[in-house]
Amino acid sequence: MQSLSVQETADQAPAPYPLREVMARFATGVIVLSVGGEHIHGMTANAFSSVSLDPPTVLCCVAHDAVMHQAIRSARHFGVSVLGSGQEALARYFADKKRPLGPEQFDGLDWTPGPVTKAPLLRGATAWLECELSDSHESGDHSIFVGDVVGATRTEGSSGLLFFDGGFRSIESERS
């Protein structure tokens, strides 16, 4: 395997398309971010990570031009539904820019409002979080939203939905 020096790597800074191709090789979980209340909205995302266990903190990255960007800024909270292997259709639905907006996008879906934030949490997910927005950082065409976790729960023995190399995959849980 041929390796590049630090200077050669810096000289070859990737454009967006090659970077997307490289990052496609990084497996990620799939979530639906949601905001309840006046700006109710849902969005599929995989730019999501835990930040700290003490205090419990997570982050999500949202494009400036996404409806979710203004929804999180306005509501100052968000919900996270960690999708299970059987929920690829939900991931595709909340990624579709042609779906209805507002409350109608949740019509016919099985969800419950989070007890703290009232953000829609999708039933059948493997885990759920409710977060209060604590900070945000601008980075290129996205904002990094940092949330303090104010509610968390999970199911046992469920399989996760992953995104890898441009497609959805599933992973089985070895826990019972």
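Q: What makes arginine 73 and glutamate 138 a salt bridge?
A: In this predicted model, the closest N and O atoms of arginine 73 and glutamate 138 are 2.6 Å apart. A salt bridge needs a side-chain nitrogen of Lys or Arg within 4 Å of a carboxyl oxygen of Asp or Glu, so the pair qualifies. Arginine 73 lies in helix 3 (residues 67–75) and glutamate 138 in strand 9, so the pair ties together parts that are 65 residues apart in sequence.

Q: Why is arginine 73 called partly exposed?
A: The relative accessibility of arginine 73 is 30%. Buried means under 20% and exposed over 50%, with partly exposed in between, so arginine 73 counts as partly exposed.

Q: What makes glutamate 156 and arginine 154 a salt bridge, and is each exposed or partly exposed?
A: The closest N and O atoms of glutamate 156 and arginine 154 are 3.5 Å apart. The cut-off is 4 Å, so this pair is a salt bridge. Glutamate 156 has a relative accessible area of 53% and is exposed, whereas arginine 154, with 43%, is partly exposed.

Q: Why is glutamate 130 called buried?
A: Glutamate 130 has 3% relative accessibility. Buried means under 20%, so glutamate 130 counts as buried. The residue lies in strand 9 (residues 127–139). Leaving aside neighbours within four places in sequence, glutamate 130 is in contact with residues including Phe78, Val116, Thr117, Leu121 and Val149.

Q: What does the side chain of glutamate 130 reach?
A: The side chain of glutamate 130 reaches the backbone nitrogen of threonine 117 at 2.6 Å. A polar contact is a pair of N or O atoms within 3.5 Å, and 2.6 Å falls within that limit. As for phenylalanine 78, it is 52 residues from glutamate 130 in sequence and 6.1 Å away in space, C-alpha to C-alpha.

Q: Is histidine 41 buried or exposed, and how do you know?
A: Histidine 41 has a relative accessible area of 4%. With the limit for buried at under 20%, histidine 41 is therefore buried. Histidine 41 is found in strand 3 (residues 41–45). Its contacts beyond four places in sequence include Leu33, Val67, Met68, Arg99 and Phe106.

Q: What makes histidine 41 and glutamine 105 a polar contact?
A: The side chains of histidine 41 and glutamine 105 are joined at 3.1 Å. The limit for the N or O atoms is 3.5 Å, so the pair is a polar contact.

Q: Why is valine 22 called exposed?
A: Valine 22 has 55% relative accessibility. Exposed means over 50%, so valine 22 counts as exposed. Valine 22 is found in helix 2 (residues 16–23). Together with Leu19, Met23 and Phe26, valine 22 makes a nonpolar surface patch of about 410 Å².

Q: How do you know that strand 4 and strand 5 pair?
A: Strand 4 (residues 48–53) and strand 5 (residues 56–63) share five bridges in the antiparallel sense. Pairing needs at least two bridges, so these strands pair. One of the bridges sets serine 50 against valine 58. A hairpin of two residues joins strand 4 to strand 5. Strand 5 also pairs with strand 10 (residues 142–154), antiparallel, over seven bridges, and threonine 57 has aspartate 148 as its bridge partner there.

Q: What makes strand 1 and strand 12 edge strands?
A: The open sheet of three strands has the order 1-11-12, with antiparallel pairing. Strand 1 (28–29) and strand 12 (167–171) each pair on one side only. Strand 1 and strand 11 (residues 160–164) have two bridges. At least two are needed, so strand 1 and strand 11 count as paired. Glycine 29 stands opposite leucine 162 in strand 11.

Key: Residues are numbered from 1 along each chain as its sequence is written. This is a predicted model: local features need pLDDT of at least 70, side-chain atom pairs count only at pLDDT 80 or more; totals for chains, interfaces and linings use all residues. Side-chain values use heavy atoms; hydrogens and water are left out. Helices (H or I, at least four residues) and strands (E, at least two) are DSSP runs, numbered from the N terminus. Buried means under 20% relative accessible area, exposed over 50%, partly exposed in between (1.4 Å probe, protein chains only). A polar contact is a pair of N or O atoms within 3.5 Å; within protein, one must be able to donate a hydrogen and the other to accept it, and residues adjacent in sequence count only if both atoms are side-chain atoms. Contact means heavy atoms within 4.5 Å. Patches are made of residues with over 30% relative accessible area and no salt bridge: like charges are joined within 9 Å, nonpolar side chains (Val, Leu, Ile, Met, Phe, Trp, Tyr) within 5 Å. Accessible areas come from the Shrake-Rupley method with a 1.4 Å probe; for residues, only the protein chains shown count as cover.
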